[in-house]
Amino acid sequence: MNASDDTAEQIATRLDGIVRRQRRAAKADVEGLTHGRFRVLRTLDQADRPLRLSELATQLGIVPRSATSVVDDLEAGGLLARQPDPHDRRATLVALTPAGTDLLIKFRRNRRDAMVTLLDRLTPAEQSTLLSLLNRLADD
């Protein structure tokens, strides 16, 4: 292993640790919200309209059967609701409920607060540099 490989491994390990910490903090006081369930809620929140299950599955990169089981769980928890598609009586749309929106807000607030705590260790200039570097790495 050369120095570059070692540095890459150290960075990967640190990023994994930060992501795990963020997920744990975000789930505080948010019972039963797995990463997969959060992705469903987030996708529906970002959509400009209710989605068909097949659309939701496509956007998540999962098979429709998997989306159905997550949607069932979230619907049972009152976080989303199915509704008939007004353009196709055979199809069903899925949308967030107010409780689902509230849960997302709480989750995001917890995640943000945890990041603020981490970032308090850095000066404003260091925070700006970190954001710039992460943006460069995130660019496709």
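Residues are numbered from 1 along each chain as its sequence is written. Because the model is predicted, local features need pLDDT of at least 70 and side-chain atom pairs count only at pLDDT 80 or more, while totals for chains, interfaces and linings use all residues, and side-chain values use heavy atoms, with hydrogens and water left out.

Me: What makes up the secondary structure of the chain?
Reply: There are six helices and three strands. Helices are DSSP runs of H or I with at least four residues, strands are runs of E with at least two, and both are numbered from the N terminus. Read from the N terminus, the order is α-α-β-α-α-β-β-α-α.

Me: Why is the chain called more spread out than a compact globule?
Reply: The radius of gyration, taken over C-alpha atoms, is set against a globule rule of 2.2 Å times the number of residues to the power 0.38. For 140 residues the rule gives 14 Å, and the chain has 19 Å, which is well over that, so the chain is more spread out than a compact globule. Its C-alpha atoms fill a box of roughly 60 × 35 × 25 Å along the principal axes.

Me: How do you know that Asn110 is buried?
Reply: Buried means under 20% relative accessible area, exposed means over 50%, and partly exposed lies in between, with a 1.4 Å probe and protein chains only. Asn110 has 14%, so the residue counts as buried. Asn110 belongs to helix α5, residues 98-119. Leaving aside neighbours within four places in sequence, Asn110 is in contact (heavy atoms within 4.5 Å) with Ala25, Ala26, Ala28 and Val30.

Me: What makes Thr43 count as buried?
Reply: The relative accessibility of Thr43 is 9%, and the limit for buried is under 20%. Thr43 therefore counts as buried. Thr43 is a residue of helix α2. With neighbours within four places in sequence set aside, the contacts of Thr43 are Leu51, Leu56, Gln59 and Leu60. Over the whole chain, 25% of the 140 residues count as buried.

Me: Why is Asp5 called partly exposed?
Reply: Asp5, in helix α1 (residues 3-27), has a relative accessible area of 40%.

Me: Why is α3 called roughly perpendicular to α4?
Reply: Axes are lines fitted to C-alpha atoms, for helices over the stretch in contact, and angles run from 0 to 180 degrees between N-to-C directions. Angles under 35 degrees count as roughly parallel, over 145 as roughly antiparallel, 65 to 115 as roughly perpendicular and the rest as oblique. The axes of α3 (residues 53-60) and α4 cross at roughly 105 degrees and come within 9 Å. Therefore α3 is roughly perpendicular to α4. In this contact, Leu53, Leu56 and Ala57 of α3 meet Pro64, Ala67, Thr68 and Val71 of α4.

Me: How many residues of the contact of α3 with α4 are nonpolar, polar or charged?
Reply: Six are nonpolar, one is polar and none is charged. Here Ala, Val, Leu, Ile, Met, Phe, Trp, Tyr, Cys and Pro count as nonpolar, Asp, Glu, Lys and Arg as charged, and the others, Gly among them, as polar.

Me: What makes α2 roughly perpendicular to α4?
Reply: The axes of α2 (residues 35-46) and α4 cross at roughly 80 degrees and come within 10 Å. An angle of 65 to 115 degrees counts as roughly perpendicular, so α2 is roughly perpendicular to α4. Arg37, Val40 and Leu41 in α2 meet Val70, Asp73 and Leu74 in α4. By class, these residues are four nonpolar, no polar and two charged.

Me: How do you know that β2 and β3 pair?
Reply: Two strands pair if DSSP finds at least two bridges between them. β2 and β3 (residues 88-96) have six bridges and run in the antiparallel sense. Pro84 stands opposite Thr92 in β3, and Arg82 stands opposite Val94 in β3. A hairpin of two residues joins β2 to β3.

Me: Why do β1 and β2 stand at the edges of the sheet?
Reply: The open sheet has three strands in the order β1-β3-β2, with antiparallel pairing. β1 (51-52) and β2 (80-85) each have a single partner strand, so one side of each is left without a neighbour in the sheet. β1 is joined to β3 by two bridges.
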